[in-house]
Amino acid sequence: MATLIVNGTLVTASESFRADLRIDGEKISHIGHDLRREPTDTIVDATGLLVMPGGIDAHTHLDLPVGATRASDDFESGTRAAAFGGTTSVIDFVSPARGDSLLGALDTWQALARGKACIDYGLHMSLVDERPETFAELDAVLDAGIPTFKIYTAYPDTLMISDGAILRLLNWSARRGALVLAHAENGGAIAELTRTLANEGKLAPRHHADSRPAILEGEATSRLIALAEVVDAPLYIVHVTCIEALEAIRSAQRRGIDIYAETCPHYLFLSEESLRAPDFEGAKFVCSPPLRPRNHAQKLWQALALGDIEVVATDHCPFNFHGQKDLGRDDFRKIPNGLPGIETRLTLLWQGVVEKRITPNRFVDIVATAPARIHGLCPRKGVLAPGTDADIVLWDPEREVRLDAARLHMRVDYSPYEGMTVRGGPAKVFSRGECVVDGDEFLGKPGRGQFLRRAPTQ
Ligand code: URP
Ligand code: ZN
Ligand code: ZN
């Protein structure tokens, strides 16, 4: 049984062209003009549609425990919503607590995903303590198919590690071909600013942003780049939000240093004004780093167009407004940090094509090809070519998508984009050759998603 997609326009990171595409089993087998039709073939007419590689979301937090609560999407609801949005692979973060074994935490995350993931998933490993036992496990984690390691320069009480430990990890990663992913904020300074705000009684959601100014994200980004430069290691900065961080990244890239940058849709479409919404609704927009003033988004779009930022991922970390975000009703320090976005990434970024900020080819690069290359999924994922996994989106540039929570599939009781309608969305989504989404219908099964064992990336 094969599937033949006909009459569509193939869009890759480098070109757009009319061709048929044949799927045999789980793989793309042929791309060409007027491919031969067998009587048993399923023919999919893609007239008016764009045929693109499925999206790869390189930054998600499904079922993440945070304090006494958990991110509201688990691997089943989250990956199902991802597929509805045209994403066919996610890379989630194994997030051990301090003192936990990395391999033990990996088992925990595999158990969260097993039997649930509807699309393929990879895992990053977070490193949140500096014990020799933790560093001793790095080689085994790499051998388990995890070549990407996240560190934090924020959250001193739970996640942050010292500059010395970061240097040790970067040094190891340079030798082993692994890649360090960094959350760049200045945890110590944020703690001090937070204490001052609290003493002044400034505990509303908007003060969360006051405690985490852009200049400190810029400082941490520069510091991390300096550490990477010392040991000649590549570095990937996650969720870049601001001009200050961009300047540090650009200056390093100009010096020929291997720095990759990622941003997220909420930093492109929302601003800190949302944190001022009345009736505590600003809490819906609390994430770290925080939303910035509007002028930063303009610069992030330019950086995406120029290739200074390579990847848009979601940092999907949803919490319901009722029962979760409202844990911090009287105190922003208690609001769980994070926004939903796993389903709306492609459709939001497509607005960059509609508004002519980026080309369709650049769009494909940002949402699929670059994340596959940087995170070690190439050549299996992220491209349209014979022999690669048939993870394919048939994209309808005319489809209207309403971004209301009631219309979306993420398990969360609000949408940061409530009331917004955009143009462009998936008509059909294939994951390893299987049509998992057809219009508004989900055809996939929980547990069909496979773990993506990744090799060293560099
Ligand atoms: O607010 C956020 N981003 N929560 C998720 C964890 C992280 O730092 O990426
Ligand atoms: Zn982070
Ligand atoms: Zn994150």
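Trainee: What share of the 458 residues of the protein counts as buried?
Mentor: The figure is 62% of the 458 residues, where buried means under 20% relative accessible area, exposed over 50% and partly exposed in between (1.4 Å probe, protein chains only). This is a predicted model, in which local features need pLDDT of at least 70, side-chain atom pairs count only at pLDDT 80 or more, and totals for chains, interfaces and linings use all residues. Residues are numbered from 1 along each chain as its sequence is written, chains are lettered from A and ligands numbered from 1 in the order written, and side-chain values use heavy atoms, without hydrogens and water.

Trainee: Why does the radius of gyration agree with a compact globule?
Mentor: Because a compact globule of 458 residues would have a value near 23 Å, and the protein has 21 Å. The radius is taken over C-alpha atoms, and the rule is 2.2 Å times the number of residues to the power 0.38.

Trainee: Turning to zinc, which residues are the protein donors of ligand 2?
Mentor: K150 (NZ), H183 (ND1) and H239 (NE2) lie 2.1 to 2.4 Å from this zinc ion. Donors are N, O and S atoms within 2.8 Å of the metal (3.2 Å for Na, K and Ca); water is not among the atoms, so sites may look incomplete.

Trainee: Where do K150 and H239 lie?
Mentor: K150 is in strand β13 (residues 148-152) and H239 in the loop between β15 (235-237) and α9 (243-254), so the pair ties together parts 89 residues apart in sequence. Helices (H or I, at least four residues) and strands (E, at least two) are DSSP runs, numbered from the N terminus.

Trainee: Are those two buried or exposed?
Mentor: Both K150 and H239 are buried.
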